[in-house]
Amino acid sequence: MTSPLERFYSVIPAGGIGSRLWPLSRADAPKFLHDLTGSGSTLLRATWDRLVPLSGEQRIMVVTGRAHRAAVEAQLPDLADHNVVLESNPRDSSAAIGLAAAILAHREPDVIIGSFAADHVIRGDRLFRSAVTQAIAAADAGYITAIGIQPTEPAIGFGYIRCGAALDVRGADSALLVDSFVEKPNLSTAKKYVAGGAHLWNAGMFISRADVLLEELGRNQPELHAGLVELASVWDDPATRGPAVDRIWPTLTKIAIDYSVAEPAAAAGRLAVVPGYFDWDDVGDFASLAKLNSGGRQTDLAILGENARVLSDASSGIVVSQTSRVISLIGVKDIVVVDTPDALLVTTSANAQRVKSVVDALKLSGRDDVL
């Protein structure tokens, strides 16, 4: 039998608009299509480049919306056509990752898959590859395996994984059993988690044999599982795929994979975790984007935009400019300014999580032209 690494397939779910990064991130230009680090690569391209050494270009599948196909293929010219999976509309991560697992299991019954979001920033590729390689070994042993990030601060924007006993799995020396998943905590609870040393950040990375993941999904969401398996059975036949998608996709339950697979698997002792010691950020709001681009120094002003024209005096925070307008800041701390041709956002780092409420308000008011 081929080795676990040879059977590995990477899956990149590229969905969501990143509403907390509005107006930079829009429905037609979600955050994974932006270069948010000044590296010259979009987040999607950086994710691809990180995964190629693990699975190879021909064993990477991207699940994305129909509207983003052209942009995704332009970013990833080596992406194989049969590895582009298009969603007619978003049905959350269980449908996206579950469909990828079902298609790949239909093509290759003993495949091991790993799911890695298209819009996260990771630094420390060697440490990342080490964690994924261990997770693949744990997955081959029958566990659904998460990669948890060693916390560097008591963050309240992430879920946490409570670690249990060490596992005896060859090739996965760091693997631990997962006791439980914990929702985003308040600050005092997060401080206790970090001080206690038993919790890791949930980075939403899951590695599993495709058949094991589908079995867990079938236990907890049998109707969703049945729909995905039926779709996968006709997916590689263009003549039958379209009608099946039109009939089945709108009926699929919207649920995050954390709830449909990871949490029940943890409760049943079927979920493992490998700690990751690489730098990771989900770039969830402008506060994290500011921190990412200022080296973590709160006294600095981060500036993003090829032609940004910013004058600053005793100011800190972040300016994102997509116009040629001169932006002048005087004596303001932790400010967030996002200047686009048709929308301007001004807030503070402390209120960055509330940007999503602006998007919700725009939807309710029917102003879809700026979403």
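Trainee: What are the ground rules?
Mentor: This is a predicted model, where local features need pLDDT of at least 70, side-chain atom pairs count only at pLDDT 80 or more, and totals for chains, interfaces and linings use all residues. Residues are numbered from 1 along each chain as its sequence is written, and side-chain values use heavy atoms, with hydrogens and water left out.

Trainee: Which domains is the protein divided into?
Mentor: Domain 1 (4-281) and domain 2 (292-370). The bounds come from an automatic or database domain assignment. The C-alpha centres of the two lie 30 Å apart.

Trainee: How many residues of domain 1 and domain 2 are in contact?
Mentor: 13 residues of domain 1 touch 18 of domain 2. Contact means heavy atoms within 4.5 Å.

Trainee: What is the area buried between domain 1 and domain 2?
Mentor: About 1,400 Å², with 62% from carbon and sulfur atoms. Buried area is the accessible area (1.4 Å probe) that two parts lose on being put together, summed over both. In domain 1, Arg20, Trp22 and Arg26 lose the most, together 46% of what that side buries.

Trainee: Why is the pair Arg26 and Asp342 called a salt bridge?
Mentor: The rule wants a side-chain nitrogen of Lys or Arg within 4 Å of a carboxyl oxygen of Asp or Glu. The closest N and O atoms of Arg26 and Asp342 are 2.7 Å apart, so the pair qualifies.
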